[in-house]
There are 2 protein chains.
Amino acid sequence: MSDLLERLRGRGWRLTAQRRVVAEVLDGDHVHYTADEVHARATERLPEISRATVYNTLGELVSLGEVLEVSTDGRAKRYDPNAHHDHQHLVCSRCGTIRDVHLDSDPLAALPVPERFGFQVSEVSVTYRGICPNCHSHS
Amino acid sequence: MSDLLERLRGRGWRLTAQRRVVAEVLDGDHVHYTADEVHARATERLPEISRATVYNTLGELVSLGEVLEVSTDGRAKRYDPNAHHDHQHLVCSRCGTIRDVHLDSDPLAALPVPERFGFQVSEVSVTYRGICPNCHSHS
DNA sequence: TTCTTGACTTAGACAATGTCCAATGTAGGA
DNA sequence: TCCTACATTGGACATTGTCTAAGTCAAGAA
């Protein structure tokens, strides 16, 4: 993700301190923060950054395809910087922990053509739910 | 779904006008209303029904396994009465239309054991996204 | 049938998440 | 360095959902 800023500048992004900080917070492969968590972490480095800017920047990163938006629970959306590696998510029903997982087969292939009802299907997301080892041993 | 009320009574549910109306609104196999849509439709039959009761009743139906909660977009959750037939969802990215679809293979099988990280996986939901024929022809 | 009671419903306050806008600031090209 | 189009800010507002205290009622008991 270190070249993310370069890539963005190449697309005409104006590079501001706020955008840099948001991108830095998202740096890492297995991070799934909510917008508020991103804001809290960004605030540690740049105290005046506003909520609106964090929302704007996250939205832009999503539009640019650099970050994925994940909504696993109907609560706050989470932002996943691991957008360039196909993966799905495994969520603990108890504590909410999220893990990236990789599948054996392409889930698109599991949807037969007659079941596509003429849609041009372009995307699929799979969410597995269960109890994580930690929650399980504490139950 | 006509015997839903019987089933619920058998489980000790007190049968009220409000609950009956909510269940009637959800009657049908391919319905995916938000809580507010359920409330609007319920209000047509029972003008005094409150939002809180609609939320309570939907929550109870979900706990009882009679209705599925679906959150496809991070906005309002939708309620799917087709809980007794395994299925997944196909969503139009343009207009938000939702269709129930049936898969060729069990998506649980696509997650290799080493990718389960010790979770006891009990549930999987798959959401396909694309452009529906109607939106496609109008574009 | 009437009574009783605990479960149900209600209105509205509150909470969590996200969006919008007018005023102000600033990155980067000329 | 200066300009200006784009970015940021704070706060109001919108949407969705939760909670509570007070009133209401379904259904079993007598």
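This briefing walks through the fold, the chain contact, the salt bridges and a few individual residues of the structure above. It is a predicted model, so local features are given only at pLDDT of at least 70 and side-chain atom pairs only at pLDDT 80 or more, while totals for chains, interfaces and linings use all residues. Residues are numbered from 1 along each chain as its sequence is written, chains are lettered from A and ligands numbered from 1 in the order in which they are written, and side-chain values use heavy atoms, leaving out hydrogens and water.

**Chain A at a glance**

- Chain A has five helices and six strands (DSSP runs numbered from the N terminus: H or I of at least four residues for helices, E of at least two for strands).
- Following the sequence, the order in chain A is α-α-β-α-α-β-β-β-β-β-α.
- The C-alpha trace of chain A spans about 50 × 45 × 25 Å along its principal axes.
- Of the 139 residues in chain A, 41% are buried (buried is under 20% relative accessible area, exposed is over 50%, and partly exposed is in between, with a 1.4 Å probe and protein chains only).
- Take the contacts in chain A between residues at least 6 apart in sequence: 49% of them join residues at least 24 apart (a contact means heavy atoms within 4.5 Å).

**Helix α2 of chain A**

- Helix α2 (residues 17-26) of chain A has these buried residues: Arg19(A), Val21(A), Val22(A), Ala23(A), Val25(A) and Leu26(A).
- What do the buried residues of α2(A) pack against? Their partners in chain A are α1 (4-10), β1 (33-34), α3 (35-45), α4 (51-63) and β3 (78-80).

**Where the two chains meet**

- Chain A brings 40 residues to the contact, and chain B brings 40 residues too.
- Between them, chain A and chain B bury about 3,400 Å², with 58% of it on carbon and sulfur atoms (buried area is the accessible area, 1.4 Å probe, that two parts lose on being put together, summed over both).
- On the chain A side, Phe119(A), Tyr128(A) and Arg129(A) lose the most area to chain B, together 19% of what that side buries.
- There are two salt bridges between chain A and chain B (a salt bridge is a side-chain nitrogen of Lys or Arg within 4 Å of a carboxyl oxygen of Asp or Glu).
- Glu123(B) and Arg129(A) form a salt bridge through their side chains, at 3.9 Å from N to O.
- Which parts of chain A each supply at least two residues of the side that touches chain B? They are β4 (88-92), β5 (98-101), β6 (120-131) and α5 (133-137).
- β6(A) gives the most to that side, with twelve residues.
- By class, the side of chain A that touches chain B has 20 nonpolar, eleven polar and nine charged residues (Ala, Val, Leu, Ile, Met, Phe, Trp, Tyr, Cys and Pro are nonpolar, Asp, Glu, Lys and Arg are charged, and the others, Gly among them, are polar).

**Salt bridges elsewhere**

- Over all chains, the count is 16 salt bridges.
- Glu37(A) and Arg78(A) pair up at 3.4 Å, N to O, linking helix α3 to strand β3 of chain A across 41 residues.
- Glu37(A) is partly exposed at 27% relative accessibility, and Arg78(A) is partly exposed at 21%.
- Glu60(B) forms a salt bridge with Arg19(B), with the closest N and O atoms 3.2 Å apart.
- Glu60(B) sits in helix α4 (residues 51-63) and Arg19(B) in helix α2 (residues 17-26) of chain B, so the pair ties together parts 41 residues apart in sequence.
- Arg7(A), Arg11(A) and Glu66(A) are linked in a network of salt bridges.

- The whole structure has zero disulfides (a disulfide is a pair of cysteine sulfur atoms within 2.5 Å).
- Cys92(A) is in no disulfide, and its nearest cysteine sulfur, that of Cys95(A), is 3.7 Å away.
- Cys92(A) is buried, at 2% relative accessibility.
- Most residues other than glycine have a negative phi.
- Phe117(A) is not a glycine, yet its phi is positive, at about 50°.
- Phe117(A) lies in the loop between β5 and β6 of chain A and is partly exposed, at 29% relative accessibility.
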